[in-house]
Amino acid sequence: MRFASALTLFGMLLAPQLVCADCPDDAPPWWQRYARILWSAGMETGDLSEWSQKVNSDAADSWAVTAESEGIPPRGGDWVLKQSVTGSVGGTRMQRYPEINSLAAAGTTFYVSWWEYYPTKLSAAGSPDSFFFSNFQIASADDCLACFHPIWGLFVDPSNFTLVLGWSPNGMAPAEGPHAGESGKRAYPSTRPIPVAQWIFFEVMITPSNTFAGALKIWMNGELLFGQSNVKTRFPDVGIGGAMWTAHMAYGSSINPTPATHYIDDVTISLRRLGRGCRICWRDEGVEDDD
């Protein structure tokens with residue numbers, strides 16, 4: 001199965017290359033070939049059929065809605081993904097499996113990009129210690145395919161509406177990590193507040209690895225917020241373990257306001273960094289420095 005996945009990915013890697021090109025918002029199909037976009041979801045089908053799975057727990061849900069009906073500006077079309085925590089605690093996750101599973105099996109670096117919109121800041125409804133909100137996580141499976149084990153996740157700091165990168169948020173990541181000689185949960189803060197009432201462009205670079213050869217970078221509107229190298233990004237291939245995927249989510253508790261809502265649009269999985277706006281350049285021998 002992993003051999004077949006590697007062959008499929010090898011075929012993708014043989015696609016034509018550009019040295020430098022523009023990426024308009026209404027990029028035609030030929031651009032997707034050059035940018036190596038493997039999958040995308042714009043919700044323009046009016047539903048969530050582009051995704052592999054929706055998972056809800058407690059008081060939360062995801063819907064395909066029109067921007068007009070929500071009173072927000074459209075992004076790349078009429079439809080967007082709406083995600084809300086509707087009670088004191090809840091989680092909703094949208095997940096896509098095939099492409100990332102193949103990339104992880106081949107150890108190939110890939111990018112997940114999306115646009116995100118917050119109508120208002122999220123803050124603590126009570127004690128800051130009881131607040132949390134996560135919009136994106138990298139998950140993997142050990143020996144339990146029904147288990148959700150986030151390896152890395154993005155979390156909102158309610159004091160200043162910045163993002164925090166967390167390792168092993170539920171304490172279930174591999175015992176040693178993220179770097180060699182480390183263990184237990186880790187949190188890496190940022191200083192740039194999340195813009196409100198405007199569409200924000202997020203890019204995540206992931207180098208899959210079950211050893212300390214992995215890497216992770218996260219940009220917001222083209223600014224590098226987080227960069228981690230020589231880290232684990234998934235579980236090892238033991239038994240039925242090793243699967244890897246990402247989740248776009250609204251997951252949290254004790255949030256003000258409630259419902260706690262954000263919107264997602266134009267999600268992509270690609271082999272090249274798209275760049276905000278969207279400008280992408282690379283040398284013939286490899287990708288240019290993404291910093």
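Which strand gives the most residues to the lining of the second largest pocket? The first legend answers this for the predicted model.

**Figure 1. Strands around the second largest pocket of the predicted model.** S9 gives the most to the lining, with 3 residues. The elements that each give two or more residues are strand S7 (132–140), strand S8 (149–157), strand S9 (162–167) and strand S10 (186–189). The space in this pocket is about 340 Å³.

**Figure 2. Residues lining the second largest pocket.** The lining has 15 residues. Phe155, Trp167, Pro169, Asn170 and Lys185 lie nearest the pocket centre. By class, 9 lining residues are nonpolar, 3 are polar and 3 are charged. Rolling a probe the size of a water molecule over the atoms shows where empty space is left.

**Figure 3. Helix H4 and the glycine that follows.** H4 spans residues 98–106. Its buried residues are Glu99, Ile100, Ser102, Leu103 and Ala104. Gly107 comes after H4. The phi of Gly107 is positive, near 70 degrees.

**Figure 4. Stretches with pLDDT under 50.** The protein averages a pLDDT of 85, and 79% of the residues score at least 70. Over residues 1–24, pLDDT stays under 50. The model has 44 contacts beyond four places in sequence for residues 1–24. Residues 277–291 also have a pLDDT below 50. Beyond near neighbours in sequence, residues 277–291 have 37 contacts in the model. Where pLDDT is low, the predicted coordinates should not be read in detail.

Conventions
Residues are numbered from 1 along each chain as its sequence is written. This is a predicted model: local features need pLDDT of at least 70, side-chain atom pairs count only at pLDDT 80 or more; totals for chains, interfaces and linings use all residues. Side-chain values use heavy atoms; hydrogens and water are left out. Buried means under 20% relative accessible area, exposed over 50%, partly exposed in between (1.4 Å probe, protein chains only). Helices (H or I, at least four residues) and strands (E, at least two) are DSSP runs, numbered from the N terminus. On a 1 Å grid over the protein atoms alone, a cavity is a set of points where a 1.4 Å probe fits but cannot get out, and a pocket is an open set with protein on both sides within 12 Å along at least five of seven lines; lining residues have an atom within 4 Å of a point. Grid points are joined across faces, edges and corners, and a volume is the space filled by probe spheres set on the points. Ala, Val, Leu, Ile, Met, Phe, Trp, Tyr, Cys and Pro count as nonpolar, Asp, Glu, Lys and Arg as charged, and the others, Gly among them, as polar. pLDDT is the predictor's confidence in each residue, from 0 to 100. Contact means heavy atoms within 4.5 Å.
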